[in-house]
Amino acid sequence: MSENAYDTMILADGVTKTFGQGDTKVTALDDVSAAIRKNEFFTLLGPSGCGKTTLLRLIAGFELPTHGTILLDGQEIGHLPPYKRPVNTVFQNYALFPHMSVARNIGFGLEMQGRPKAEVDGAIDKMLALVQMEHLAGRRTDQLSGGQQQRVALARALAPHPKVLLLDEPLSALDLKLRKEMQIELKRLQSETGITFVFVTHDQEEALTMSDRIAVMAAGEILQVGSPREIYTQPARRFVADFIGDINILEAEMTADGAEVTLPGGIKMPAQLPDTLKGAAPTGRVSVAIRPEDMSFDPSGALRGTVANVVYFGVGSNVHVTLPTGEGLTVRCASDAPEIGAAVGIKLPAAAQVLAD
């Protein structure tokens, strides 16, 4: 999909947000720009304090930018209060009304807008079907499980059919199995409604499972935006590579032409450069990233080492290997793992991913 005004739902342009003044001044967002597409599941991913929730609150109108602009469907929304923006938000705390039924919770926002009763009832029925809770329409929300409460919160937020649904870590309070079920459910709801979802999380698995695109954030900046596959297989920055999944980051020497790197032990590999470095490849010391599953044990492997530890995780094992240089790396194998103390050869991938920073 091309990036242009016709398929962009949210455009953040040079957005900076600071809190406090003088010595207490904190920059939560630093000149952030991003284009979020219509009918997209877009995730803001990063550690606590990276600025992802601040950006969400700016879109919602709960905070105002210090500098920069935010456009929603082509319209500048900085002057609009939250209740006049065509967005709804689902928080970690679902904020349901415990004395009301599921149906009344779903219809509450529409009733406050003065919508006709027939319209409200029709929207309630539609939302109950969408979240598969018709049989619980009359039950009070304090009698529901956590997963059911989350479905009600989603139905209530979707009932007015906003242009954008903002989700601030809504799965964090659920147990692991239910969280995985709701990941699939959220993606289904986004696809069926056609509403742009902007999802905030620090959980890499959530982001990889649900997103059309991910923006990885750190220290108030967006470091990389891409599809889950692009973020995982082609990280542009060292932080991105280290934050997403398991990774081996090794120091290497790059040739002057940027075509090859030399790993510890003198092993040479072709260099794979991120787009940000193409045409301006670094020379000398660089960091390269290799995923554990991209290597395998092979007696004729170019890299040699000794097995230091084996961690079994059900469908395979992570084998921690110590290289002759003292550096460690992890190799993932699906079959029987070598024993601790064994000398092993490691077959490397076709190319080494060179990282910026």
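Strand β16 (residues 303-312) pairs with strand β17 (residues 317-322) in the antiparallel sense over six bridges; strands are DSSP runs of E with at least two residues, numbered from the N terminus, and two of them pair if DSSP finds at least two bridges between them. Within this pairing, Val-307 stands opposite Val-321 of β17. The open sheet has five strands, ordered β15-β19-β16-β17-β18, with antiparallel pairing. Its edge strands, β15 (296-297) and β18 (328-333), each pair on one side only.

A word on the source. This is a predicted model, in which local features need pLDDT of at least 70 and side-chain atom pairs count only at pLDDT 80 or more, while totals for chains, interfaces and linings use all residues. Residues are numbered from 1 along each chain as its sequence is written, and side-chain values use heavy atoms, with hydrogens and water left out.

I turn to the helices, which are DSSP runs of H or I with at least four residues. The axes of α2 (residues 102-112) and α4 come within 7 Å and cross at roughly 30 degrees; axes are lines fitted to C-alpha atoms over the stretch in contact, with angles from 0 to 180 degrees between N-to-C directions. α2 and α4 are therefore roughly parallel to each other, a term for angles under 35 degrees. Their contact (heavy atoms within 4.5 Å) is made by Val-102, Asn-105 and Ile-106 of α2 and Val-152, Ala-155 and Arg-156 of α4.

Helix α4 (residues 146-158) also meets α5 (residues 176-193): their axes come within 11 Å and cross at roughly 20 degrees. α4 and α5 are therefore roughly parallel as well.

Terms used
Angles under 35 degrees count as roughly parallel, over 145 as roughly antiparallel, 65 to 115 as roughly perpendicular and the rest as oblique.
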